[in-house]
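Dear colleague,

I am passing on to you the structure that we talked about, and below it I have written out what was found, step by step. Please keep the structure open beside the text while you read.

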Amino acid sequence: METILPQIIFALSVGIFLLTIFMHAVRQNTTLVNLYLLQSLLLSFLLILFAIERKEQMLFITAFLTILIKVSVAPAFFYRLINKLKAIKEPIIPGGKFM
């Protein structure tokens, strides 16, 4: 396990970095939230691996809070906000296009 652990940590770090780049390139808000969720999930896996490697209880707590807040609560809030803003952007002029 010790020989493969640095490779897994490196792969997760590269994945987080690439997702950050993709987050800057997307145009749709829902895609951005999905990438944010995936990036947060990779970050929590990285924290769990660090916690296992160093046998630190606080890192496990941090990973749990990251999963709780960044993977479940924040994306749910962002999805609700996006849906609320879509409802506001409906065209007001009958038969006209919204600009």
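Helix α1 covers residues 5-25, and at 1.5 Å a residue its 21 residues should span 30 Å, which agrees with the 31 Å that separate its end C-alpha atoms. Please bear in mind that this is a predicted model.

Which residues of α1 are buried? They are Leu 5, Ile 9, Leu 12, Gly 15, Ile 16, Leu 19 and Met 23, and because they cover an arc of only 120° around the axis, they lie on the same side of α1. An α-helix has 3.6 residues a turn, so residues three or four places apart point the same way. On the other side of α1, the exposed residues are Gln 7, Phe 10, Phe 17, His 24 and Ala 25.

The cover over the buried residues of α1 includes α2 (29-54). This second helix, α2, has 26 residues and reaches 37 Å from its first C-alpha to its last, which is close to the 38 Å expected at 1.5 Å a residue. Among the buried residues of α2 are Val 33, Leu 35, Tyr 36, Leu 42 and Leu 46, and the buried residues of this helix pack against both α1 and α3. After α2 comes Lys 55, which has a positive phi, near 55°.

Finally, Ala 76 belongs to helix α3 (residues 57-88) and is partly exposed, with a relative accessible area of 31%. Its C-alpha atom is separated by 9.9 Å from that of Leu 37, although Ala 76 and Leu 37 are 39 residues apart along the chain.

Note on methods
Residues numbered from 1 in each chain as written. Predicted model: local features only at pLDDT ≥ 70, side-chain atom pairs only at ≥ 80, totals over all residues. Heavy atoms only, no water. Helix = DSSP H or I, 4+ residues; strand = E, 2+ residues; numbered from the N terminus. Buried < 20%, exposed > 50% of the residue type's maximum accessible area, 1.4 Å probe, protein only. Expected span 1.5 Å × (residues − 1). Arc of directions from axis to C-beta. Contact = heavy atoms within 4.5 Å.
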